[in-house]
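Okay, thanks for coming, everyone. Let me put the structure up and we'll walk through a couple of things together.

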Amino acid sequence: MIMQAATVNYGNLFNITLPETILEVVSLVVLVVDLGWLRKSAQATRMGVACMLGVLGCVGALFWLLVHPTAVSVDGDALVATPLVAAAQVGILLLSALVFLLSIKTEFSRNPGEFTAIVLLATTGMLLVTAARDLLVIFVALELLSLSLYVLTAFAKRSAQSAESALKYYLFGGMSAALMLFGFSYLYGLTGTTNLTLMAPALSGGTVPLAIVALVLVAAGLGFKVAAVPFHLWAPDTYQGAPAPVTALIASGSKVASFALLVAVSDGVIAPFYSANGNSWIVLLLTMAIGSIVLGNLAALAQTSVRRLLAYSAIAHAGYMLLGIAAHTPQSGAAVLYYALTYALTTVGAFGVIGIVERSTGSDRMDAFAGLSRRNPLLAGTMLIFLLSLAGIPPLVGFWAKFNLFSAVLRSASAGNWGLALVAAALGASAISLYYYLQVLKRIYVLKPTQDEPLHVSSIELATLLLIALAVVALGLLPGMLSAWIPLG
Amino acid sequence: MLAYTIYLSFAGALMLAFLPRAWNAGARFFALAIALAGLILALLGFIAGSGQSTVAVADLAWVPSMGIHYTLAADGISRVLVLLTGLAAVAGVLFSWNIGTKDGDRANEFFAFFLALIGGVYGVFLSVDLFLLFVFYEIAIVPKYFLIAIWGSTRREYGAMKLALYSFAGSAMVLIGLLAAYAVAGSHTMNLHELAQYPFPVSFQMWAFPLVFTGFAILAGMWPFHTWAPTGHVAAPTAASMLLAGVVMKLGAYGCLRVAMALFPHGLDPWGVSFLGIDSWRTVFALFAVIGIIYGAAVALVQNDFKFVIGYSSVSHMGLVLLGLLTLTQIGIDGAVLQMFSHGILAGLLFATVGRIVYERTHTRDLAQLSRLQLGKAMPFAAWLFVIAGMASMGLPGFSGFVAEVQVLVGAWQAFPWFAVVAGVGIVVGVAYTWRAMQRAFFSEAWAHDPSAPIPEYEPITWAEKAGVFLLAGTSLLIGLYPRLLLDAITPAVQALPHALLTGGHQ
């Protein structure tokens with residue numbers, strides 16, 4: 001029944017997977033350079049060289065994606081290359097490069113080579129997840145991504161919190177991976193194929209109770225990856241315990257890859273399934289969405305740790321995006337991706353600032369941010385832009401992403417009944433979200449600093465953060481800039 | 001020309017934000033220059049536009065695939081309100097002249113937030129694209145928070161957060177209606193004039209109108225959503241109170257007229273059922289407006305904090321604006337727009353007197369304490385100023401408030417006779433609270449028990465304060481004596497409103 005076996009085009013496969021190959025090769029090179037030549041060098045040099053090599057790897061893969069004409073993909077391929085996939089992959093590579101740039105000056109790890117290599121492996125996993133259209137490849141790619149992230153979460157070996165959060169992340173992740181695999185096995189048993197595109201006609205045949213069970217199990221697995229309620233429990237602890245750059249990676253690239261996969265799954269499986277089985281799957285998605293929006297926004301109100309606050313806000317943002325998945329039109333799929341990419345960009349910036357403040361004050365509590373605008377006005381200014389964008393204040397990009405997403409949801413035919421009510425709920429909840437973002441900004445701009453001396457930031461970190469802030473503003477002023485990859489509207 | 005009011009303000013805000021901190025003292029001069037340039041542009045635009053219905057200002061495709069354009073244009077109403085914004089901006093800088101005289105004032109940041117707010121307000125009044133209007137509307141929210149939270153006084157963090165959350169909740173309501181209208185009309189245009197042509201189903205208008213109207217009216221201080229206004233005004237630094245009452249509350253009323261009423265005129269139609277005489281959203285909101293007029297005035301009558309008196313009087317005066325809009329008559333809406341202008345000027349003057357001229361010298365706003373300070377003798381300038389501003393505010397003929405209130409009441413008399421009577425009572429209460437505050441703050445006999453008490457000495461009135469006073473009081477007098485200056489611009493613009501809107505008075 002596996003039909004593509006006869007028609008595999010190895011040249012095409014090589015073309016499609018060349019970015020991943022580049023990342024793999026660079027990750028080996030990094031290990032050789034770091035453990036071979038630089039073993040005796042200073043810690044700072046080793047971290048700098050390793051991270052710059054990581055950036056080079058990402059840029060190399062990016063370069064290939066940009067200059068290379070879109071590879072041909074046919075129904076039945078395990079990996080596809082479409083404009084949307086390319087957009088997600090370009091975004092993921094950029095995000096990983098930014099994470100490397102923000103890691104250069106960090107001191108949590110004494111093993112820079114391994115750190116860089118594993119981040120590159122995680123990035124490879126993300127790229128594969130985005131392109132995969134076959135259940136087996138999806139699972140393997142997701143596991144590559146997840147296992148890399150578990151290791152990275154525990155990378156601050158001297159921090160007990162880091163180890164604890166990694167264990168929680170791993171236990172939840174392992175459980176949900178098992179559930180998802182179980183669901184995949186049902187889907188395979190029902191349809192006789194592991195390919196999403198080929199699976200669609202088999203699922204649209206009629207009502208199959210077992211298919212609902214299968215999709216619930218798959219939803220558990222994917223819900224874990226995007227931290228949607230009720231599979232969100234790992235997120236606050238992991239966001240808090242992991243080293244700052246790793247949290248940035250979990251909150252950005254991993255989110256983008258997971259949502260790209262969700263869009264693909266909803267195209268291949270949900271749409272035909274919806275027409276055959278009524279709205280049971282939609283109800284499931286909507287329950288997860290509204291639960292995430294409400295719980296994320298309300299729980300964030302009570303946080304005193306900025307990392308946990310952003311973790312709960314991430315849950316809320318995942319809820320908004322799930323609304324777009326539930327609408328399952330081509331526009332809403334593109335809108336979800338646009339949202340995920342711009343959200344990820346903003347979050348990387350926010351965790352960059354958190355990492356810097358943490359290194360200086362030793363804490364990620366809100367009070368550690370007191371008076372930041374007087375200690376370092378530029379750093380404070382970038383955080384202002386990031387948080388306001390997350391709150392959805394125009395003219396920053398977060399507002400456009402929300403506008404585009406919600407208008408796509410409202411226009412979806414299947415959203416006729418619930419669309420308006422849920423969009424209204426989501427907008428109401430995002431009005432609440434301004435409160436907790438302003439709590440952080442109040443510390444930064446209004447309160448007096450506890451330490452008076454200026455906070456020094458290395459030029460490379462400041463430049464990276466300014467670049468991200470500039471992108472957030474520029475994309476907000478000219479939201480059509482990405483339309484070559486992701487069409488708006 | 002008018003578009004440069006927006007660009008200039010934002011450019012000024014950006015430059016101030018990046019200015020080195022050592023230039024603290026120069027920030028106010030820079031801000032004054034920007035505000036003056038904005039006022040001159042607004043004035044030139046106002047004069048150049050006289051005799052024309054709508055002046056196109058800019059039109060660029062912004063996000064063509066979503067039908068969103070960067071379209072600016074100014075009809076008579078916009079030109080009047082842009083002029084008001086220019087005046088309020090200049091007066092605001094003049095009355096903030098003490099910021100930047102000490103280290104640690106953070107004057108750069110203050111004027112950066114100030115100009116960013118002004119830029120957003122200019123933008124709202126000039127936008128024709130609904131989406132653009134909303135963007136500018138939200139841009140105006142964030143600077144308000146920081147202006148109050150950083151430089152404010154009484155319970156500033158509470159007041160600032162309350163104001164920001166009310167504003168944001170209101171704008172979320174607006175956004176829901178706006179998204180729904182955009183989706184229903186086919187998602188290919190956001191132009192206000194084109195959307196107003198679209199025949200939205202009446203059932204849709206029946207829920208979209210109250211939603212969007214309430215969303216905007218929250219910022220206009222409509223009872224029962226007004227509670228942010230007094231706390232916000234009291235907590236804010238003088239310039240921010242002046243802007244809040246002077247222009248930001250006008251944003252709300254402007255949105256009610258331009259968006260809610262113009263897009264969904266059938267939302268004002270009768271429901272077909274009547275409950276205690278309430279038969280449409282129009283009556284509901286008119287009732288809220290009238291309650292606001294009476295309630296604001298009555299609460300102002302018993303305040304002990306001088307600034308709360310002015311804060312609640314703003315709620316009362318904005319009730320008149322909303323009532324005027326809901327009359328759906330030519331004269332009522334004319335009066336409402338004129339009242340927006342007039343209240344913008346007079347509220348600015350009153351807040352400046354109380355918050356800057358009196359409070360900065362006496363360091364108290366408590367009427368009982370002020371009554372022992374013989375302010376009428378110690379500060380004759382402030383006393384006379386408050387007499388003039390108070391008279392103008394209570395609607396004395398010869399000042400702008402009179403013309404506006406008469407027009408609103410005439411319009412209300414045609415549409416809701418009973419409400420007009422009640423609103424008239426509210427105006428009488430307005431006389432009472434103004435007299436009471438004036439008497440207790442400036443002309444109290446409380447010191448007479450000890451006639452030997454020396455008259456306290458205070459710093460002399462600065463040139464900046466005088467300049468601001470003459471600007472605002474002079475404008476109010478000019479408009480009061482010759483209201484046609486503004487009415488010639490407002491009347492044609494009101495006549496050009498969608499036809500369905502203006503038929504309400506003749507039912």
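Before I give you a burial figure, here's what I mean by the word: a residue is buried if 20 or more other C-beta atoms lie within 10 Å of its own, with the C-beta atoms placed from the backbone. By that count, 61% of the 489 residues of chain A come out as buried. And keep in mind that this is a predicted model.

So, what does chain A look like overall? It has 19 helices and zero strands. Its radius of gyration is 22 Å, close to the 23 Å that the globule rule gives for 489 residues, so chain A is as compact as a globular protein of that length. If you want a box for it, the C-alpha atoms fill roughly 70 × 55 × 40 Å along the principal axes. On the contact side, take pairs in chain A at least 6 apart in sequence: 81% of those contacts join residues at least 24 apart.

Now hop over to chain B for one helix pair. Helix H7(B), residues 156-184, and helix H10(B), residues 228-235, have axes that come within 8 Å and cross at roughly 135°. That angle makes H7(B) oblique to H10(B). As for handedness, the crossing of H7(B) and H10(B) is left-handed.

Who's touching whom? From H7(B) you get Arg156(B), Tyr158(B), Gly159(B), Ala160(B), Lys162(B), Leu163(B) and Tyr166(B), and they meet Trp228(B), Thr231(B), Gly232(B), Val234(B) and Ala235(B) in H10(B). Sorted by class, that contact between H7(B) and H10(B) has seven nonpolar, three polar and two charged residues.

How values were computed:
Residues numbered from 1 in each chain as written. Chains lettered and ligands numbered in written order. Predicted model: local features only at pLDDT ≥ 70, side-chain atom pairs only at ≥ 80, totals over all residues. Axes fitted to C-alpha atoms, helices over the stretch in contact; angles between N-to-C directions. Helix = DSSP H or I, 4+ residues; strand = E, 2+ residues; numbered from the N terminus. Parallel < 35°, antiparallel > 145°, perpendicular 65-115°, else oblique. Left-handed = near helix turned anticlockwise from the far one by under 90°. Contact = placed C-beta atoms within 7 Å. Nonpolar A, V, L, I, M, F, W, Y, C, P; charged D, E, K, R; others polar. Rg over C-alpha atoms; globule rule 2.2 N^0.38 Å. Buried ≥ 20, exposed ≤ 12 C-beta atoms within 10 Å, placed from the backbone.
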